[in-house]
Amino acid sequence: MSQARTPAVVLQASPLGEADLMVVLLTPDLGKIRTAAKNARNSKRRFAGGLPAGALGEATVSRRREGAMWRLDAFRSVAEVSGLGRDLTRFAYVNYLCELTDVLVVEPEPEARRFAALAEAVGETLRSTPRPAVMRRFELRLLDSLGLLPALDHCCVCGEPTSASEIAFSSGRGGTLCVVHGAGSPRVPAQTLALAIALQRDDDPESAWDAASAASPAVRRALRDLVQSVVRPQLRRPLRSLEFLAALTPRGAVNRTPGDAP
Ligand SMILES: [Zn+2]
């Protein structure tokens, strides 16, 4: 029997039999793991605060042998999630962060930076007003952790640094393109690319969030569309959280991602 205590974010929880839950966790050292939480639907002591997607805290997990299914013995939240169901926008954002991670992360391989990116985005969204900039930073960092971050400041064909007020971008070809290789590709504002570069860096999330939140609506929309053009082809199934978010978004809003609506 091996037991571990680990920081964790609940990505998804679903009923398992009468009283148990199947809980998918993202952790820094064990990666993404599926766990069985015995009697979780009745135990307020071991699972104080419940186990909704976005619960952020410390998990105690155990398994009988290597390769066996993990048991979730306890989960202690460090962030308040009990009010999540009453704030629909926050609920939708947190669910989007978790569902996107669950769908894009297939391998259980541990990746401490991926966990840090999710914990940061969930923590920030639970703490303060949900902001699209927080989603964008997370999407870019998640893509980076999966080796899917597109080129943002050089031509993805020849490596030439890109500079112009509008730069050709093709997610299918790998990102930004120089004048020669980008002929005929759609352009994005250079300011959008600069925001994307600043957002995915490790340091100083506050300034990057503020800069992205203060950009013009056109630049923010271009950033959202750019990131979505990279994310969408990677999705193995439609995201339920996006459908939910679309239902919250005013009619006529440009598209169904956590974008400029709030
Ligand atoms: Zn080129």
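Which residues does Glu99 touch, not counting residues up to four places away in sequence? In this predicted model, the answer is Leu239, Arg240 and Ser241. Glu99 sits in helix H1. The residue is buried, because 20 other C-beta atoms lie within 10 Å and the cut-off for burial is 20 or more. Ser82 is 17 residues from Glu99 in sequence, and the C-alpha atoms of the two are 19 Å apart in space.

Ala92 is also placed in helix H1. Ala92 is buried, with 23 other C-beta atoms within 10 Å. Leaving out residues up to four places away in sequence, Ala92 touches Ser241, Phe244, Leu245 and Leu248. Leu248 is 156 residues away from Ala92 in sequence. In space, their C-alpha atoms are 8.7 Å apart.

The overall dimensions come next. The protein chain has seven helices and eight strands. Its C-alpha trace spans about 60 × 40 × 30 Å along the principal axes. The radius of gyration is 20 Å. A compact globule of 262 residues would have a value near 18 Å, so the two agree. Buried residues make up 39% of the 262 in the protein chain. Contacts between residues at least 6 apart in sequence were also classed by separation: 60% of them join residues at least 24 apart.

In soluble globular proteins, nonpolar side chains tend to be buried together. The largest nonpolar core here has 67 residues. Val9, Val10, Leu25, Leu51, Val94, Leu97 and Leu118 have the most contacts inside it. Helix H1, residues 88-104, gives the most to this core, with eight residues. Val9 touches Leu25, Leu26, Leu56, Cys98, Leu118, Ala119 and Val122, not counting residues up to four places away in sequence. Two of these partners, Leu25 and Leu118, are themselves listed with the most contacts inside the core.

Helix packing was examined pair by pair. The axes of H1 and H2 come within 9 Å and cross at roughly 170°. An angle over 145 degrees counts as roughly antiparallel, so H1 and H2 are roughly antiparallel to each other. On the H1 side, the contact is made by Arg90, Tyr93, Val94, Leu97 and Thr101. On the H2 side, Leu118, Ala121, Val122, Thr125 and Leu126 take part. By class, this contact has seven nonpolar, two polar and one charged residues. Val94 and Leu97 of H1 and Leu118 of H2 make this contact and are also among the residues with the most contacts inside the core.

Helix H2, residues 112-127, packs against H3 at an angle of about 170°, with the axes 9 Å apart. H2 is therefore roughly antiparallel to H3. H2 contributes Arg113, Arg114, Ala117, Leu118, Ala121, Glu124 and Thr125 to the contact. H3 contributes Val134, Arg137, Phe138, Arg141, Leu142 and Ser145. This contact of H2 with H3 has six nonpolar, two polar and five charged residues.

Arg136, Arg137, Leu140, Arg141 and Asp144 of H3 make the contact with Ala196, Leu199 and Gln200 of H4. These residues divide into three nonpolar, one polar and four charged.

Two loop residues have a backbone feature to report. Asn39 has a positive phi of about 55°, although it is not a glycine. Asn39 lies in the loop between strand E3 (31-37) and strand E4 (56-63). Asn39 counts as partly exposed, with 13 C-beta neighbours inside 10 Å. Asp204, likewise not a glycine, has a positive phi of about 50°. Asp204 lies in the loop between H4 and helix H5 (205-214). Asp204 is exposed, because 11 other C-beta atoms lie within 10 Å and 12 or fewer counts as exposed.

Technical notes. Residues numbered from 1 in each chain as written. Predicted model: local features only at pLDDT ≥ 70, side-chain atom pairs only at ≥ 80, totals over all residues. Core = buried A, V, L, I, M, F, W, Y, C linked by C-beta atoms within 7 Å. Helix = DSSP H or I, 4+ residues; strand = E, 2+ residues; numbered from the N terminus. Contact = placed C-beta atoms within 7 Å. Rg over C-alpha atoms; globule rule 2.2 N^0.38 Å. Nonpolar A, V, L, I, M, F, W, Y, C, P; charged D, E, K, R; others polar. Axes fitted to C-alpha atoms, helices over the stretch in contact; angles between N-to-C directions. Parallel < 35°, antiparallel > 145°, perpendicular 65-115°, else oblique.
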